[in-house]
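Please consult the sequence and structure below.

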Amino acid sequence: MPQLENAVCFGADCYLLEQFVPGHNLQKCTRADLQAALDSLIGLQAAYWENQEKAGCCYSFTKSLLGRQKRGRYLNHPILEQAYERFLAAYETVPRTLCHDDLLPFNILVHDGRACIIDWEYAGILPYPTALARLLAHGTENPDDFFVLSEADRQFGIDYYYDHLIRQKGIPYEDYRRTLTLFFFYEYCEWVFVGNRYGSTEGTCYQRYLPIALRQAEEILKQSR
């Protein structure tokens, strides 16, 4: 992450001077860039795995849970609501580590084969799949989309993260994939929440994500039978 060089406060406002980080983001993601990003994420998460000392710092688990509970109240569909209850149950029980809670592809800069994660406003000791799911959930193979990620590279990222971090924590691959399915589902529910909460159900994002969220919810409910 960028180094903090200085901080200056004027009244209630505080300004941070941070190290300049060169590079390009992952909006048009290649496998090499994805691997560099995962290496950075894995290194940080391995260092802070189940770190209780930092648990109350920054964006706390309690605050994050309240936000996720709020999202669940605006899904307006029984299948989504049932699956979301399973997500919330997992969110409270899976191991926690340092997570960037908004790890979208434009919050990673890659330069000379190394990745730097930026914009840490929402970061804390959170359930481990939080950052990975955010990074991988929204890319498509359409070259004109905002986030471009091939399905083959998404699967590469899922397995690479398991092989280099989660396997070492003694979590079986099948359990990891079931948990990750729930966290992807949470990501897909974001625009369903926005559409229902703010009356924009005719919007492009709502229309795109509602069927994706429903398919994921059905898969979750099928797995739990």
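Histidine 111 stands opposite arginine 114 in β5. Strand β4 (residues 108-111) and strand β5 (residues 114-117) run antiparallel and are joined by four bridges; strands pair if DSSP finds at least two bridges between them. Two residues lie between these strands, and aspartate 112 in this hairpin takes a positive phi near 55 degrees. Helices (H or I, at least four residues) and strands (E, at least two) are DSSP runs, numbered from the N terminus.

The model is predicted: local features need pLDDT of at least 70 and side-chain atom pairs pLDDT 80 or more, while totals for chains, interfaces and linings use all residues. Residues are numbered from 1 along each chain as its sequence is written, and side-chain values use heavy atoms, without hydrogens and water.

Under the salt-bridge rule (a side-chain nitrogen of Lys or Arg within 4 Å of a carboxyl oxygen of Asp or Glu), the count is nine.

Salt bridges that share partners join Asp102, Arg134, Glu187 and Glu190 into one network. Arginine 134 is buried at 11% relative accessible area, as is glutamate 190 at 17%, where buried means under 20%, exposed over 50% and partly exposed in between (1.4 Å probe, protein chains only). By contrast, arginine 167 is partly exposed at 46%, and aspartate 163 is partly exposed at 33%.
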